[in-house]
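Trainee: I would like to learn how to read a few features of a protein model. Please take them one by one.

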Amino acid sequence: MTTWKPVQNLTIWLMMLLLCSNQLRAQLGTTPNIRHIVVGRCYSYITLVSPSLRFDCEEMWRRFEEAVLRQSSCNVTVENYQQMFYSIPQSRPCDRFLFWSKTRSLMQSYKAAVRDSWTLEDTLVGFLFNDLIWCGAEEQAGFDFSSCPAWSACRNHAVYSLWLQASQSFAEMACGNITVLLNGSIANAFDRKSMLGSVELDHLNPQRVNYVNIKVVADLQGPFIESCSQGSIVDLIHILQSRGFRWTCSDNDQTLMILQCLRDPKQSVCQTYANSLSHRQSHIQLNHTQV
């Protein structure tokens with residue numbers, strides 16, 4: 001009896017915690033102050049990120065509201081956003097396009113190190129709506145701030161439809177040499193159901209894209225599940241070949257290795273890599289002094 005009561009109390013506490021967390025997730029509605037956030041980001045973009053861009057932020061917001069409001073949260077299609085997308089100008093920075101799937105954290109580090117990289121989140125639409133949630137309701141004029149369905153709940157989800165169109169537009173703009181960043185520590189790193197596999201890949205144009213440079217990166221401590229020669233990445237390469245794309249694939253990219261070691265320098269592979277670089281540098285200096 002003395003051991004049962006604490007276990008019983010712990011079980012009740014855990015059930016209450018799970019119930020509360022599920023209720024919170026179910027009640028997650030439109031991001032508070034979404035208008036101020038989006039319009040504010042818009043002015044920041046055209047003032048600081050791309051000052052040469054001429055764009056009416058208030059008009060963009062009106063077209064966004066027209067697409068979403070007075071609609072069921074599961075009845076907002078890509079077509080609803082067409083007028084908003086038509087009104088948004090965007091440059092095409094060839095040789096800088098970076099596509100990624102299931103590598104968000106590393107992608108952000110890579111972008112910071114390789115400043116010429118340009119992702120969907122760097123476009124005006126991506127910059128405005130990144131990490132926001134929204135939905136309307138047929139029976140009310142404004143946004144629903146109390147509850148929005150999950151992406152998986154319906155096909156024509158208000159948030160999903162916007163990112164579907166944004167991903168398609170981003171891929172259609174891609175030109176020159178592009179980079180694809182994939183996670184080698186998971187199965188199905190290239191997922192045909194992901195935005196990369198189901199939308200972006202299908203809208204790349206081999207006439208405008210010179211090379212698709214695939215970079216596969218696994219966690220330093222593993223597991224090492226997929227690479228350029230095994231797993232779903234081989235499927236990606238076959239698709240690229242069948243569509244006439246030229247491609248490269250690397251699973252030991254030096255920049256990505258350094259970025260991972262900066263996060264966790266105590267990993268044994270990082271110590272080995274640092275010693276190798278030090279030895280190489282000493283060898284170069286020795287040759288230089290001999291010359």
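Mentor: Begin with the term cavity: on a 1 Å grid over the protein atoms alone, a cavity is a set of points where a 1.4 Å probe fits but cannot get out, and lining residues have an atom within 4 Å of a point. Grid points are joined across faces, edges and corners, and a volume is the space filled by probe spheres set on the points. This is a predicted model, in which local features need pLDDT of at least 70, side-chain atom pairs count only at pLDDT 80 or more, and totals for chains, interfaces and linings use all residues. Residues are numbered from 1 along each chain as its sequence is written, and side-chain values use heavy atoms, with hydrogens and water left out.

Trainee: How many cavities of 30 Å³ or more does a search of the whole structure find?

Mentor: Rolling a probe the size of a water molecule over the atoms shows where empty space is left. Here the search finds one cavity of 30 Å³ or more. The largest cavity holds about 50 Å³ of space.

Trainee: Which residues line the largest cavity?

Mentor: The lining consists of F99, V180, L196, L201, L204, V212, L236 and L240. By class it has eight nonpolar, no polar and no charged residues. Ala, Val, Leu, Ile, Met, Phe, Trp, Tyr, Cys and Pro count as nonpolar, Asp, Glu, Lys and Arg as charged, and the others, Gly among them, as polar.

Trainee: What is the strand order of the open sheet?

Mentor: Strands of a sheet pair through backbone hydrogen bonds, either parallel or antiparallel. Strands (E, at least two residues) and helices (H or I, at least four) are DSSP runs, numbered from the N terminus, and two strands pair if DSSP finds at least two bridges between them. The open sheet has four strands in the order β1-β4-β5-β6, with parallel pairing. Its edge strands are β1 (98-101) and β6 (246-250), each pairing on one side only. Four bridges join β1 to β4 (residues 176-183), and W100 stands opposite L181 in β4.

Trainee: Which strands form a hairpin?

Mentor: β2 and β3 do, with two residues between them. Two bridges join β2 (residues 136-137) to β3 (residues 140-143), and these strands run antiparallel. A137 stands opposite Q140 in β3.

Methods
On a 1 Å grid over the protein atoms alone, a cavity is a set of points where a 1.4 Å probe fits but cannot get out, and a pocket is an open set with protein on both sides within 12 Å along at least five of seven lines; lining residues have an atom within 4 Å of a point.
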